[in-house]
Each structure stands twice: as structure tokens, then as C-alpha cells.
Amino acid sequence: MLQKPKSVKLRALRSPRKFGVAGRSCQEVLHKGCLRFQLPERGSRLCLYEDGTELTEDYFPSVPDNAELVLLTSGQAWQGYVSDIGRFLSAFHEPHAGLVQAAQQLLCDEQAPQRQRLLADLLHNVSQNIAAETRAEDPPWFEGLESRFQNKSGYLRYSCESRIRSYLREVSSCPSLVGVEAQEEFLRVLGSMCQKLRSVQYNGSYFDRGAKGGGRLCTPEGWFSCQGPFDMDSCLSRHSINPYSNRESRILFSTWNLDHIIEKKRTIIPTLVEAIKEQDGREVDWEYFYGLLFTSENLKLVHIVCHKKTIHKLNCDPNRIYKPQPRLKRKRPVRKR
């Protein structure tokens, strides 16, 4: 139990009201909260408004002063910002007045700037022509683009292909690094990668909302979410964007990075070069390096805020650099009769 009471802001799940409560322990705050909201104390619990973390007596001292908590009764659940956004989205199935009221309640709250930014992005795109696909259906979206681009998916596929092609150009510029003796092998590996990329159209489907689920990085509606930073379980900024919605979002999406988790310049290419130089009769597994350089196995879409110019300190798997060598079968000795 704390010597000095901790002050928190407390709300109940289905109540628009919020109260300041002080207590020296989690149990004391829970007790006062149940009295304030006239809820049964048995089966009730407290959690952080921000992410839904359930409070315990051990965790309570680390909660900052004036933190916002949610009081839950038996059977209720809270998942943080996601729950608030879900409550807002439910208004889409109600009259327009309900939508406006739900949006105003979320945007005027002083808490959770991350939630407010996500909601503002959503509101900005609600009225946009997201479903439109062709130049005829949404002419403003195509302003500034060459006339050869007649649909949104086609342009975004081209955008992704251009990024992948730039990675291929970096690899193609490295034959001199392996020395004269190994250049033939390097060109063989490079040729295999080029052939594979052509067969999959340079993985342009990653940005194509019309592609199959496993072949794209977005929802069927065209929403992309930040997949970084790589040293976290998920993006702390919670950024999302739909470049199919309007011209501004299309331009902004070009600032998002398609980053390598295992770094391309510092790790993958030098490891590939060294493997070719030191292969000593072994066959370099070009498909492993292909996956690291050009596929979502090692590529993640990252908002510019989460793009860190630091060394990721991840290495290639030493057991996958070369293809496994076939084991020679031992001849069984002939039994004497």
C-alpha cells in the first residue's frame, strides 16, 4: 500500500461521465469507483484506458498520477483505443446524427492523442471516393500522373515494382566486389533472381488491393498499416493510410518506406558477396537471398516516423546461405554366408 494516495481519472464502460478518484491501493480505488458508479464490487476490476492492461496490486504503484482507468464489471472487456474506435464505427449503422455525436465525443476528449489522430485520418477519408478505381471515376486522384495510368491499382502496383527494381539495381552493381574468378557465379545467381522477379511481376501485388490476400500488404479496401519499428511488437504510432482514397493520401503514401528487417546494404548484400567468394564447391542458396531482398519475408512497410536510421543488428541465417549438400549413402557390407 502506498503512503501517499495516487490520483486517477476513472470512467465506467458504458458511462459518459468521468471522476477523479484517489487511493493508496488498487483495491481502494476499485471500491471507491464502484460506490461512485453504483456498480457491484464483486467481480469488478480496473484496467488502463490506453491499452486495456488489467491492474493488480503489484502494478498499481507504477501507474502514473492522473492516469485514465476504466472500471469493468464481470463479463465486460476493454481493449484500449481499439474499443473506442469500434464504438465510433458502430455509428455508421445508425442515423447521421449518431455518427456526428460519436465523432465529437472522441475528438473533444483530452486523452489519447494517438486515438484522435487515427480517428481524424478516418474522418478525412470517410467522404473520399475510396471505392472508385478508374481515372474516369475519380479524375482528381490521377492529377500529376502520366496518362498511361488508367486505374489506381495499376499505378500502385507500378509504385511497388519501382521500389523492388531499385533493390535489384543495387544488387546488380556488385559483380566487381566478388573478383574476376567468382563473377560468373554471381551473374548466375543474379540471373536466377531476375527470372524469379519477372515471373511474379516484381511483387507489385503488395500494393494492389485487388490481389489475393497473401499477395498484398493492405486490406481489400486499400488500407495499409505501419509494420514497424522492427524492435517492437507493433507500431507505437498506430499509423494507417489508404492511398486509394484521394490524391493527397497517394502522395503521402510515397513517403512510407518498404524497409528490410535484416538490412540490405549492411548485411544481405555483403553476406551474398562473401558467400559467392567463399563457396568452395558449395551452391549458394539464391532463393534464400531472394526472399530477404525482394519479398515480405524480410520487407515491412513502415511510416516515416517509425523509420529508424539505426543498425538493426540482425544477421543472415548461416544455415541457409548454402544449399544442403546431399549425403552420400554408405554401402552396407556384404554379409558372408
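The model is predicted, so local features need pLDDT of at least 70 and side-chain atom pairs count only at pLDDT 80 or more, while totals for chains, interfaces and linings use all residues. Residues are numbered from 1 along each chain as its sequence is written, and side-chain values use heavy atoms, with hydrogens and water left out.

Start with H9, residues 286-294. Helices here are DSSP runs of H or I with at least four residues, strands are runs of E with at least two, and both are numbered from the N terminus. Of the 9 residues in H9, 8 are buried, meaning under 20% relative accessible area with a 1.4 Å probe, protein chains only. Trp286 is one of them, and so is Phe294.

What do these buried residues pack against? Their contacts (heavy atoms within 4.5 Å) are with helices H5, H6 and H8 and strands S7 and S8.

Now take H8, residues 264-277. Its axis and that of H9 come within 11 Å and cross at roughly 165°; axes are lines fitted to C-alpha atoms over the stretch in contact, and angles run from 0 to 180 degrees between N-to-C directions. The two helices are therefore roughly antiparallel, the term for angles over 145 degrees. On the H8 side, Lys264, Ile268, Ile269, Thr271 and Leu272 meet Phe289, Leu292 and Leu293 of H9.

Last, the cysteines. There are 0 disulfides in the structure, counting pairs of cysteine sulfur atoms within 2.5 Å. Cys47 is buried at 2% relative accessibility, and Cys316 is buried at 9%.

How values were computed
Buried < 20%, exposed > 50% of the residue type's maximum accessible area, 1.4 Å probe, protein only. Parallel < 35°, antiparallel > 145°, perpendicular 65-115°, else oblique.
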